[in-house]
Amino acid sequence: MEEENRILVIDDEVSLCEGVRRALQPEGLLVDIAFDGKSGLDKVRDGNYALVLIDIMMPDISGIDLITSIHEVDPEIICVIITGYATVELAVQSIKRGAYDFLTKPFSVDNLLLSVQQGLERRQLSLEAKRTQAAEAESRRLAEEKSRLEELDRAKRQFIRLVTHELQSPVSAIENYLKLILDGYVSPEEVPDVLQRCIHR
């Protein structure tokens, strides 16, 4: 699917964005660019991105705050932080907020490709796990529905057996009375009484 190849770079450095595009496009990835957090978030809302590379230091919104907003749109989007101000504290804070990886500027093409490829694999695994969970939930629902229908079918068969049994006895009695009348074992004076018995059965 095309969305699995779509990458968004949100960074106010034009040269970095173009460098990332040149590095990723030969790998068959479609790269879009946003130069500030707001337009980046608008692109996320409008497009289907698999992975977003986000600069921490931008004029309008912090890249770390942007992670939360992006995940509100799609929790499965992989967010990779890129920054020239790398500290352990910042890296930990980014990961806690939902970043998948943390790249320090300047980074090599190899490091970029490794982070992006691993992020896309992580997304695929996560989506596959969700599909499996959904299929298992649907399977359980169908099994419960089948069990419920089987129970209804058993109840219906039991009801039919009960009704058949309850009707069989009076019908047999009526049939015997009528045979007695037809065979002449009941005198004409007794016929109304026998017929009355048949009616009350």
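The conversation below takes up cysteines, salt bridges, one aspartate and a surface patch in turn.

Mentor: Before we start, keep in mind that this is a predicted model, in which local features need pLDDT of at least 70 and side-chain atom pairs count only at pLDDT 80 or more, while totals for chains, interfaces and linings use all residues. Residues are numbered from 1 along each chain as its sequence is written, and side-chain values use heavy atoms, with hydrogens and water left out.

Trainee: How many disulfides does the structure hold?

Mentor: A disulfide is a pair of cysteine sulfur atoms within 2.5 Å. The cysteine sulfur closest to that of cysteine 17 belongs to cysteine 79 and lies 15 Å away, which is too far for a bond. The number of disulfides is therefore 0.

Trainee: Is cysteine 79 buried or exposed?

Mentor: Buried means under 20% relative accessible area, exposed means over 50%, and partly exposed is in between, using a 1.4 Å probe and protein chains only. Cysteine 17, with 0% relative accessibility, counts as buried. For cysteine 79 the relative accessible area is 1%, so the word that applies is buried.

Trainee: Which residue forms a salt bridge with lysine 38?

Mentor: A salt bridge is a side-chain nitrogen of Lys or Arg within 4 Å of a carboxyl oxygen of Asp or Glu. Side chains of opposite charge can pair when their charged atoms come close. Here the closest N and O atoms are 3.2 Å apart, and the two residues are separated by about one helical turn because they stand 4 residues apart in helix α2 (residues 37-46), where a helix is a DSSP run of H or I with at least four residues, a strand is a run of E with at least two, and both are numbered from the N terminus. Lysine 38 is exposed at 56%, and its partner is aspartate 42.

Trainee: What distance separates the closest N and O atoms in the salt bridge of arginine 45 with aspartate 42?

Mentor: Both residues lie in helix α2, 3 residues apart, which is about one turn of the helix. Arginine 45 is exposed, with 51% relative accessibility, whereas aspartate 42 is partly exposed at 30%. The closest N and O atoms are separated by 3.6 Å.

Trainee: Which residue forms a salt bridge with glutamate 150?

Mentor: Glutamate 150 is partly exposed at 36%, and the closest N and O atoms of this salt bridge are 3.1 Å apart.

Trainee: With which side chain does aspartate 55 make a polar contact?

Mentor: Aspartate 55 is found in strand β3 (residues 51-55) and is buried, with a relative accessible area of 3%. A polar contact is a pair of N or O atoms within 3.5 Å; within protein, one must be able to donate a hydrogen and the other to accept it, and residues adjacent in sequence count only if both atoms are side-chain atoms. Asp55 also belongs to a network of salt bridges with Asp11, Glu13 and Lys105. The polar contact, at 3.4 Å, is with the side chain of lysine 105.

Trainee: Which residues make the nonpolar surface patch of about 270 Å²?

Mentor: Patches are made of residues with over 30% relative accessible area and no salt bridge, where like charges are joined within 9 Å and nonpolar side chains (Val, Leu, Ile, Met, Phe, Trp, Tyr) within 5 Å. Accessible areas come from the Shrake-Rupley method with a 1.4 Å probe, and for residues only the protein chains shown count as cover. Isoleucine 160, one of the patch residues, is found in helix α5 (residues 109-182) and is partly exposed at 45%. The patch is made by Phe159, Ile160 and Val163.
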